[in-house]
Amino acid sequence: MRTFSRWLVLATALSGAAAHADANDLVISRFGVERRGSSSVITSTEFAEASADFRAFARTYGAVMTSANLMPPRTTGHSGFAFNAELSVVSLPEDVQLPTEAEQPGSVLVPSLHVRKGLPFSLELGGRVGWIEKSSMVTATGELKWAVNEGFTYLPDVGLRLHVTKLFGARNLDLTTTGLDIGVGKQFPLGGMVTVTPYGGLDLNFVSATTRTLDFDPSRTTADTAGNDSRDALTNTAPYSRVDAGDNLTPRFYAGARFIGGVLQLGAEISLTNLGSFDQEGAGSRDLPSVFAFNTTLGLDF
């Protein structure tokens with residue numbers, strides 16, 4: 001049992017270490033390390049505080065991952081196809097700690113590629129792959145949109161979009177958002193083959209996150225676990241409390257416009273994600289700031 005415990009600690013240390021870490025890569029164990037401070041063993045209160053920090057982080061990073069819509073509720077049509085290069089500039093709140101390798105930035109860039117394909121019955125299937133700048137992390141989004149109403153002369157376009165986004169490349173972290181987006185827009189001709197479509201909507205995002213077992217004692221060595229008590233290897237190790245999607249709703253309000261000239265399309269959008277609040281064990285309610293983002297897109301619409 002003692003040998004198994006030593007190997008467990010060694011595996012934990014190796015899984016949390018990277019040969020090379022970029023400035024915006026995440027060190028998820030930092031919440032527990034900093035809350036533990038000089039305590040020999042992390043207390044239940046300190047662990048609850050660290051789990052609350054992790055929950056606040058998960059909501060904030062979920063907003064970073066889902067900061068852009070960049071398309072009106074109208075679909076491309078059953079035979080249509082769209083390919084876009086996108087860029088999001090996301091402002092990061094100072095009141096929420098993000099455990100980045102370097103100093104926490106005030107904003108982060110998220111470039112992405114977005115592909116959409118029209119289907120019959122006013123349906124549209126899409127996928128987006130993004131990269132968190134200065135990191136080894138990428139996001140992948142799958143989406144299905146249904147235009148409840150589109151193309152009528154005197155009525156606005158109305159669309160519903162289901163989407164799932166997952167973060168890849170973050171050590172010891174599993175972070176996923178799911179959402180339902182309700183959008184309204186209207187296309188107006190400007191002359192010839194040029195149109196403009198202002199739009200806006202509400203995106204209901206649900207954030208879920210878990211971690212692996214983390215080591216809150218960065219000074220620990222393999223020799224420190226070689227005592228007579230095999231449980232020494234498990235001291236100051238634990239996963240954070242699970243962040244459940246049903247308890248972590250972060251609504252996002254957005255507005256933007258898309259210009260199309262021939263097959264070329266250009267768009268811009270602003271969004272504001274309300275991170276809300278939650279009850280922290282032993283400390284009452286914890287209010288979180290909102291996340292603001294500016295998004296642009298350039299692409300082809302066939």
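Predicted model: local features only at pLDDT ≥ 70, side-chain atom pairs only at ≥ 80, totals over all residues.
Local features need pLDDT of at least 70 and side-chain atom pairs count only at pLDDT 80 or more, while totals for chains, interfaces and linings use all residues. Residues are numbered from 1 along each chain as its sequence is written, and side-chain values use heavy atoms, with hydrogens and water left out.

**Helix α3**

Helices (H or I, at least four residues) and strands (E, at least two) are DSSP runs, numbered from the N terminus. Helix α3 covers residues 44-65. Its 22 residues should span 32 Å at 1.5 Å a residue, and the end C-alpha atoms are 31 Å apart, which agrees. The expected span of a helix is 1.5 Å times one less than its number of residues. Buried means under 20% relative accessible area, exposed means over 50%, and partly exposed lies in between (1.4 Å probe, protein chains only). In α3, 17 of the 22 residues are buried, so the helix is largely enclosed by the rest of the structure.

**Salt bridges**

A salt bridge is a side-chain nitrogen of Lys or Arg within 4 Å of a carboxyl oxygen of Asp or Glu. The structure holds 17 of them.

| Pair | N to O distance |
|---|---|
| Asp-53 and Arg-35 | 2.8 Å |
| Asp-157 and Arg-74 | 3.7 Å |
| Arg-252 and Glu-269 | 3.7 Å |

Take the pair Asp-53 and Arg-35. Asp-53 lies in helix α3 and Arg-35 in helix α2 (residues 30-36), so the pair ties together parts that are 18 residues apart in sequence. Asp-53 is buried, at 6% relative accessible area. Arg-35 is partly exposed, at 33%.

Next come Asp-157 and Arg-74, joined by a salt bridge. This pair links distant parts of the chain, 83 residues apart: Asp-157 is in strand β5 (residues 157-168), and Arg-74 is in the loop between α3 and β1 (81-91). Asp-157 is buried, with 1% relative accessibility. Arg-74 is partly exposed, with 24%.

Arg-252 and Glu-269 also meet in a salt bridge. Arg-252 sits in strand β11 (residues 249-261) and Glu-269 in strand β12 (residues 264-273), so the pair ties together parts that are 17 residues apart in sequence. Arg-252 is buried at 0% relative accessible area, and Glu-269 is buried at 1%. Both belong to a network of salt bridges that links Glu-143, Arg-161, Asp-181, Asp-203, Arg-252 and Glu-269.

**Pocket and cavities**

The search runs on a 1 Å grid over the protein atoms alone. A cavity is a set of points where a 1.4 Å probe fits but cannot get out; a pocket is an open set with protein on both sides within 12 Å along at least five of seven lines. Lining residues have an atom within 4 Å of a point. Grid points are joined across faces, edges and corners, and a volume is the space filled by probe spheres set on the points.

The second largest pocket has a volume of about 230 Å³. It is lined by 15 residues, of which Ser-51, Ala-52, Arg-55, Ser-241 and Asp-279 are the closest to its centre. Helix α3 gives the largest share of this lining, five residues. Both α3 and β13 (277-280) supply at least two residues each. By class, the lining of this pocket has five nonpolar, four polar and six charged residues. Ala, Val, Leu, Ile, Met, Phe, Trp, Tyr, Cys and Pro count as nonpolar, Asp, Glu, Lys and Arg as charged, and the others, Gly among them, as polar.

The structure also holds five cavities of 30 Å³ or more. The largest cavity has a volume of about 80 Å³. Among the residues lining the largest cavity are Val-64, Met-65, Arg-128 and Thr-139. The elements that give two or more residues to this lining are α3, β2 (107-119) and β3 (123-131). Four lining residues of the largest cavity are nonpolar, five polar and one charged.

**Single residues**

Phe-121 and Ser-122 lie in the loop between β2 and β3. Neither is a glycine, yet Phe-121 has a positive phi of about 65 degrees and Ser-122 one of about 60 degrees. Phe-121 is exposed, at 74% relative accessible area. Ser-122 is partly exposed, at 26%.

Phe-302 is found in the segment after β15 (291-301). Phe-302 is exposed, at 54% relative accessible area. Leaving aside neighbours within four places in sequence, Phe-302 is in contact (heavy atoms within 4.5 Å) with Gly-80, Phe-81 and Val-263.
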